[in-house]
Amino acid sequence: MADLATLQGILALVDVVNFTPQAGTLAEKFSALYIKYFQEKIKTTVEKYKFWVVKSLGDAVLVFGTSPEGLLEIMSDLFERDKPEDKYGFISRFRLVAHSGFFQFLMENNTPVDLVSPEGIKVFRMEKQAGTWELLDRTMADAAK
C-alpha cells in the first residue's frame, strides 16, 4: 500500500524558458547534457534553502518546501545572485511558478517523491501563463483563464 501524506507548503515548478526550440537546433547529446546540468543546478539551489525536489520532468523540476523566505532565496539565487550558466548551446533562462496550499504526496522515508493531488495542476497552468521575469500570483492566473 502506498504511503500518502497531505502536507501544507509551497509547490513550485522551475522550467527552462524556450527549451524545445533551443533543443531543436542542437544535437540530442547536448540536450541531455543540459538537462543534467539544469536538474543538478535546481537540486543544489533548493536544498540549500530546505526545499526538496519532488520530481524531475525533463526541462522542468517540481519542488516543495514550507518556507516563504526559502522560496524568495531560491528565486534570488536563480535570477540574480547565482544565475545559471549558458551551456551546451543553451541560453539558461528559467521560469518559476509557485502555489501555496495543501498537497497530497506519495511518500518514501518521510520524503515526498511524487505529487498525487490534483491541486498541483494549478502550478502547471500558471507556468503556461507566466512570462519571463514575471511574478504571477494565483489571482492573476485565475483571471487569465
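**Exercise 1. In what order do the five strands of the open sheet stand?**

Some ground rules before the solution. This is a predicted model, where local features need pLDDT of at least 70, side-chain atom pairs count only at pLDDT 80 or more, and totals for chains, interfaces and linings use all residues. Residues are numbered from 1 along each chain as its sequence is written, and side-chain values use heavy atoms, leaving out hydrogens and water.

Step 1: Find the pieces. Helices (H or I, at least four residues) and strands (E, at least two) are DSSP runs, numbered from the N terminus. The protein chain has five helices and five strands, and along the sequence they follow the pattern β-α-α-β-β-α-β-β-α-α.

Step 2: The open sheet runs E2-E3-E1-E4-E5, and its pairing is antiparallel. At the edges you'll find strand E2 (52–56) and strand E5 (111–115), each pairing on one side only. From one strand to the next, the twist averages 45°. Angles here run from 0 to 180 degrees between N-to-C directions, and axes are lines fitted to C-alpha atoms, for helices over the stretch in contact.

**Exercise 2. Over how many bridges do E1 and E4 pair?**

Step 1: Know the rule. Two strands pair if DSSP finds at least two bridges between them.

Step 2: Take E1 and E4. Their antiparallel pairing spans 13 bridges.

Step 3: E2 pairs with strand E3 (residues 60–65) over four bridges, in the antiparallel sense.

**Exercise 3. Which strands does helix H2 lie across?**

Step 1: Follow H2 (residues 28–48). This helix lies across strand E1 (4–16), E2, E3 and strand E4 (94–108), and runs at about 10° to E3.

Step 2: Helix H3 lies across E1 and E4, at about 135° to E4.

**Exercise 4. At what angle do H2 and H3 pack?**

Step 1: Recall how it's done. Two packed helices are described by the angle between their axes and the distance between the axes.

Step 2: H2 and H3 pack at about 140°, and their axes are 9 Å apart.

Step 3: Name the arrangement. Angles under 35 degrees count as roughly parallel, over 145 as roughly antiparallel, 65 to 115 as roughly perpendicular and the rest as oblique. H2 and H3 are therefore oblique to each other.

Step 4: A crossing is left-handed if the near helix is turned anticlockwise from the far one by less than a right angle, and right-handed if clockwise. H2 passes H3 in a right-handed crossing.

Step 5: See who meets whom. Contact means heavy atoms within 4.5 Å. From H2, Ile42, Thr45, Val46 and Lys48 meet Ile74, Asp77 and Leu78 in H3. By class, that contact holds four nonpolar, one polar and two charged residues. Nonpolar covers Ala, Val, Leu, Ile, Met, Phe, Trp, Tyr, Cys and Pro; charged covers Asp, Glu, Lys and Arg; the others, Gly among them, are polar.

**Exercise 5. Is valine 46 buried or exposed?**

Step 1: Set the cut-offs. Buried means under 20% relative accessible area, exposed over 50%, partly exposed in between (1.4 Å probe, protein chains only).

Step 2: Check the residue. Valine 46 is in helix H2 and counts as buried because its relative accessibility is 0%.

Step 3: Look around it. Leaving aside neighbours within four places in sequence, valine 46 is in contact with Phe51, Trp52, Val53, Val63 and Ile74. Valine 63 is 17 residues away along the chain, yet the two C-alpha atoms are separated by 7.7 Å.

**Exercise 6. What is the phi of lysine 50?**

Step 1: Most residues other than glycine have a negative phi.

Step 2: Read off the value. Lysine 50 isn't a glycine, yet its phi is positive, about 65°.

Step 3: Lysine 50 lies in the loop between H2 and E2, and at 68% relative accessibility it counts as exposed.
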